[in-house]
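Trainee: I have just opened this model and would like to learn how to read it. Could we take the features in turn?

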Amino acid sequence: MFFDLQYLVLTIPALLFSLWAQRKVHSTFDRFAKVGVQSGYSGAQAAQAVMQSAGVQGVRIERHEGFLSDHYDPLAKALRLSPHVYDGKSISSVAVAAHEAGHAIQDQVGYPPLVWRSALVPLCNVGNMIWIFPFMAGLVLRQLSFSPLLIWTGIGLFAAVVVFQIITLPTEFNASNRAKAVLASTGIVSTQQEADGVRRVLDAAALTYVAAVAASLLQLIDLVLRQRR
Ligand SMILES: [Zn+2]
């Protein structure tokens, strides 16, 4: 039932695009992790310098286990960098660290998409976990009069998750743009070659968000079309 033409046309390409984007971000990160920056900054030092140049105060920089697990936590005011990024003195390290510092700057200046995102995170996590339950219940109880209500409740919750993912896009692009600009103006990145490397690393990271949004959107379209048959 699920492995039909619509599924093949909508879901498989989205899945392949996501997998390709994941591979791309890993290979690009690895490639520029081998190229040092002439300024000699580590990721942690770069994050510190980027935040300092924007007047961000009270944000801790923490070493955080994992690979590409780097993130900024606006509630804890903590910038968590993975060991490769924290200690690394490469183009990849300073690029990712400066991107996360870009989120800290967004928090400091009250950049609206980040404010919305922070407010929506708990709701989105819940929606992502529970949408399937009313949806499946509606499918199982098809003969009951309220089954469409259950199905559309599930789809509505899933749609909310998709909206959340779309809201994160400008936040990511904006953080990367701030990172590129400040890395250049502070001299952490000093040559055109280094700037190109930073751009490639951050573009590859942005692609994974775009792929995630595309996959979710296509899945949503798939769900809606199934109900209209
Ligand atoms: Zn980000």
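Mentor: Let's begin with salt bridges, which require a side-chain nitrogen of Lys or Arg within 4 Å of a carboxyl oxygen of Asp or Glu. By this rule the count here is 10 salt bridges. Please keep in mind that this is a predicted model, where local features need pLDDT of at least 70, side-chain atom pairs count only at pLDDT 80 or more, and totals for chains, interfaces and linings use all residues. Residues are numbered from 1 along each chain as its sequence is written, and side-chain values use heavy atoms, with hydrogens and water left out.

Trainee: Which parts do Asp87 and Arg63 tie together?

Mentor: The side chains of these two, Asp87 and Arg63, meet in a salt bridge at 2.5 Å, N to O. Asp87 belongs to helix α3 (residues 83-87) and Arg63 to strand β1 (residues 60-63), so the pair ties together parts 24 residues apart in sequence. Helices (H or I, at least four residues) and strands (E, at least two) are DSSP runs, numbered from the N terminus.

Trainee: How far apart in helix α8 are Arg199 and Asp203?

Mentor: They are four residues apart in helix α8 (residues 192-228), which means a separation of about one helical turn.

Trainee: Which residues are linked in a network of salt bridges?

Mentor: Arg60, Glu62, Asp73 and Arg80 are linked that way. Within this group, the side chains of Arg60 and Glu62 meet at 2.7 Å, N to O. Arg60 is partly exposed, at 45% relative accessibility, and Glu62 is partly exposed too, at 23%.

Trainee: What span should helix α7 have?

Mentor: The expected span of a helix is 1.5 Å times one less than its number of residues. Helix α7 (residues 147-185) has 39 residues, so it should span 57 Å; its end C-alpha atoms are 58 Å apart, which agrees. After α7 comes Gly187, with a positive phi near 80 degrees.

Trainee: And where does Pro13 lie?

Mentor: Pro13 lies in helix α1 (residues 5-33). Pro13 is partly exposed, with a relative accessible area of 40%. From Pro13 to Asp70 there are 57 residues in sequence and 28 Å in space, C-alpha to C-alpha.

Definitions and conventions:
Buried < 20%, exposed > 50% of the residue type's maximum accessible area, 1.4 Å probe, protein only.
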